[in-house]
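Reader: I have a model open and want to learn how to read its features. Can we take them one at a time?

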Amino acid sequence: MSIRIIIVDDERLARSELKRLLSKHSQIEIVDEAKNAEEASEKIAEHKPDAIFLDIHMPGATGLELAESLGDDVNIIFCTAYDQFAVEAFSLNAMDYLVKPVNPARLAESIEKLEKRLEQSASASGLPDDHKLMVKYGETMRIIELKEIIRFESIGNHAAIYTPHGKAYLHSSLNKIEAKLDERHYFRASRSDIIRLDAIESMEQAISYGLTATLSNGQTVEISRRQATKLRQLLEFTQL
């Protein structure tokens, strides 16, 4: 597998050192490099890489701000001299966080992780239930498995997730999230909600000919008329 990457760092020597380390991994193809977030955005749009290695402190927008603007359009591995931004980086769904000077063994681990993620995306209809995410609940970071998410709710350009641990947020749109989910486990209830099928405890007919689903966490979610028809067919319901 060829993995196409872009290096984003304002320091030429740092880019050169990372290129040297990456040259030992034959599967890595460095398609371009950028000195700042604005330049990186243009080159990411042009090349559509599999991943970027991203510094945090740069002139103009920071690496964290760039990551937030990208959402989950590209896999992000932060590569920075500062370790204090790791929590914020992972809250933006960064795939990994490397501290300079980069340890070759840690770099190899990141590349292996990236390979597995890309292979998984290429071969699976959706992310597996045991796929792990790092999310932030208040000031606490927690690693959860995908199957723990009962509901995704669209809030602007972000999504709220509801799990047994409470509510957290992902920096991604509902459409992008839906594209990564296994339709055997998750269902698009409406423009603003995706729900986990085995979290549905009961459903009632709504006045609008849709359905109102009660989830295992006690929340109720409206299922649009069109999606209610699909759900009945999916679950082999008979029309009410």
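Predicted model: local features only at pLDDT ≥ 70, side-chain atom pairs only at ≥ 80, totals over all residues.

Reader: Where is Asp-55 placed?

Author: Asp-55 sits in the loop between β3 (51-54) and α3 (63-70).

Reader: Is Asp-55 buried or exposed?

Author: Buried means under 20% relative accessible area. Asp-55 has 6%, so it counts as buried.

Reader: Which feature does UniProt place at Asp-55?

Author: The unreviewed UniProt entry gives "modified residue: 4-aspartylphosphate" at Asp-55. Such annotations may be inferred rather than shown by experiment.

Reader: Which residues does UniProt list for "domain: Response regulatory"?

Author: Residues 4-115, again from an unreviewed entry. The span is 43% helix and 23% strand. Its end C-alpha atoms lie 11 Å apart.

Reader: Next, ring pairs. What describes a pair of aromatic rings?

Author: Two values: the distance of the centres and the angle of the planes.

Reader: How many aromatic pairs does the structure hold?

Author: The structure holds 3 aromatic pairs. One of them is formed by Phe-78 and Tyr-97, with 6.2 Å centre to centre and 40° between the planes. That pair is tilted. It links distant parts of the chain: Phe-78 is in strand β4 (residues 75-80), Tyr-97 is in strand β5 (residues 96-99), and they are 19 residues apart.

Reader: Are Phe-78 and Tyr-97 buried or exposed?

Author: Phe-78 has a relative accessible area of 0%, so it is buried. Tyr-97 is buried too, with 8%.

Reader: What about the rings of Tyr-82 and Phe-85?

Author: Tyr-82 and Phe-85 form an edge-to-face pair. Their centres are 6.3 Å apart, with 75° between the planes. Tyr-82 is partly exposed, at 36% relative accessible area.

Reader: Back to Phe-78. Which residues is Phe-78 in contact with?

Author: Set aside its neighbours within four places in sequence. Phe-78 then contacts Leu-54, Ile-56, Gly-63, Leu-64, Ala-67, Ala-89, Ala-94, Asp-96, Tyr-97 and Leu-98. For a distance across the model, take Ile-149: its C-alpha atom is separated from that of Phe-78 by 26 Å, and the two residues are 71 apart along the chain.

Reader: Now strands. In a regular strand, where do the side chains go?

Author: They alternate between the two faces of the sheet. For a strand pair here, look at β9 (residues 158-163) and β10 (residues 166-170). They pair in the antiparallel sense over 5 bridges. The two strands form a hairpin, with 2 residues between them.

Reader: Which residue in β10 is the bridge partner of Thr-163?

Author: Gly-166. Also in β10 is Tyr-169. Tyr-169 is partly exposed, with a relative accessible area of 43%. Leaving aside neighbours within four places in sequence, Tyr-169 is in contact with Ile-155, Ala-159 and Ala-160.

Reader: On to pockets. What is the volume of the largest pocket?

Author: About 1200 Å³. The lining of the largest pocket has 41 residues. Asn-75, Arg-117, Leu-127, His-131 and Lys-132 lie nearest its centre.

Reader: Which elements give two or more residues to that lining?

Author: They are α2 (37-47), β4, α5 (104-123), β6 (132-137) and α6 (174-180). The largest share, 6 residues, comes from α5.

Reader: Last, the backbone. What holds for most phi values and peptide bonds?

Author: Most residues other than glycine have a negative phi, and most peptide bonds are trans. Now the cases here. Lys-48 is not a glycine, yet has a positive phi of about 50°. Lys-48 lies in the loop between α2 and β3. At 63% relative accessibility, Lys-48 counts as exposed.

Reader: Which residues does a cis peptide bond join?

Author: Lys-100 and Pro-101, with omega about -5°. Pro-101 is in the loop between β5 and α5.

Conventions: Residues numbered from 1 in each chain as written. Heavy atoms only, no water. Helix = DSSP H or I, 4+ residues; strand = E, 2+ residues; numbered from the N terminus. Buried < 20%, exposed > 50% of the residue type's maximum accessible area, 1.4 Å probe, protein only. Phe/Tyr/Trp six-rings, centres within 6.5 Å; stacked < 30°, edge-to-face > 60°. Pairing = 2+ DSSP bridges. 1 Å grid on protein atoms, 1.4 Å probe; cavity = no way out; pocket = protein on both sides within 12 Å on 5 of 7 lines; lining within 4 Å. Points joined across faces, edges and corners; volume = space filled by probe spheres on them. Contact = heavy atoms within 4.5 Å.
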